[in-house]
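Please follow one part of this chain from strand to strand, and then turn to a helix beside it.

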Amino acid sequence: MIALYTILILTVLVLIITNLPVFGRLPRGLRLDKIHHLNNYRDGALQNESFTPMQPEGVSFFKVLKAFLFDKHPNKIPNKALKFTQPDLDGKPSSAAPEIIWFGHSSYLIKINDTRILVDPVFSKTPSPFSFIGSKAFPGTSFVKAKDFKNIDVLLITHDHYDHLDYESIKIVAPNVKEIVTSIGVGAHLERWGIESDKIKELCWTESAQVNANLKFTAVPARHFTGRKFKRNQTLWSAFVLQHQEWKLFLGGDSGYDTHFSKIGEEYGPFDLALLECGQYNAYWPHIHMFPEETVQAAIDLKAEVLMPVHWAKFSLAMHPWNEPINRVVKAAAEKNLKIATPQLGQTLILNSEMPVSKWWID
């Protein structure tokens, strides 16, 4: 009887905890009906274009968990605060070219003329539902706060993982944005957090949103997954093509390597700049994140003039040394004769004008 009561109490506690706002809400109603009618919805979940197991054959979840807990590299965390440049978040672009300010991991601000686009803002100390769980932000990466972002024209959310959709940051940033562009299903989380539905534009793959006369976003396939609780792939994961009258950027989000990059390059390329993930990889999950060498190949497939690697330099979400991704991607880019930009945290990149290439992480 005591065991039964214990199980009941634990069940109630789990239900209470997992119903907290930070977990968001699964799609329902018309939103869910639209998802159910997508070509890549099968067997109760959204699917990748290619078969994408979470682990390779013969590797169990418990083997991955054991490796993550015990196979730790001593250089997973920087031994000193990372260098940064204090950015001018509100200043107008100095030229007609796009400007990009990166804040670590996959958070960055894009300025194009008078339009300001904030991508995947994560300014909490940990990319998890609770501050006491998970990797802590590296020293030196908290040089901007969510409250610093005012008058954002477009908030772009690629997918609903905690290191891309941060509840605490969204609560502060979203009231000050004019428009939110995201993947289908993510709007359910946002509405749970009190964000007005009329400022949310959710896109399926190949759908577009025209945000003003000069700027359009198109959602395109990525090879990844989603979920904030236990049930995966109920919301979509996307990369985004940002098209301006004079410029074209690829905003990669999270993705494993696959043929979709070359397809996107053929249909939407060439790109002036591709922002692609290069970190948080491992042989235990080779299909959902790219190895740095694959990042370079993906940029080539996309027909990108320049690669800017992101998804590193803020959190340690894998077992590799913190600076291994950038060292490997720089080496691979040189071997492939691909231009690469490596701005310091907070430093402004001006497309085709100020394209930082210093190895600031080594100094």
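Strand S14 (residues 306–310) is largely enclosed by the rest of the structure, because five of its five residues are buried, where buried means under 20% relative accessible area and exposed over 50%, with partly exposed in between (1.4 Å probe, protein chains only). Strands (E, at least two residues) and helices (H or I, at least four) are DSSP runs, numbered from the N terminus. This is a predicted model, in which local features need pLDDT of at least 70 and side-chain atom pairs count only at pLDDT 80 or more, while totals for chains, interfaces and linings use all residues. Residues are numbered from 1 along each chain as its sequence is written, and side-chain values use heavy atoms, with hydrogens and water left out.

From S14, Val-306, Met-308 and Val-310 point one way and Leu-307 and Pro-309 the other way, and all are buried. S14 runs parallel to S13, to which four bridges join it, and it also pairs in the parallel sense with strand S15 (residues 339–340) over two bridges; strands count as paired if DSSP finds at least two bridges between them. Leu-307 is the bridge partner of Ala-274, and its own partner in S15 is Ile-340.

Helix H6 (residues 260–268) has His-260, Phe-261, Ile-264, Gly-265 and Tyr-268 buried. These residues lie on the same side of H6 because they cover an arc of only 140 degrees around the axis, the arc being that of the directions from the helix axis to the C-beta atoms. On the other side of H6, Glu-266 and Glu-267 are exposed.
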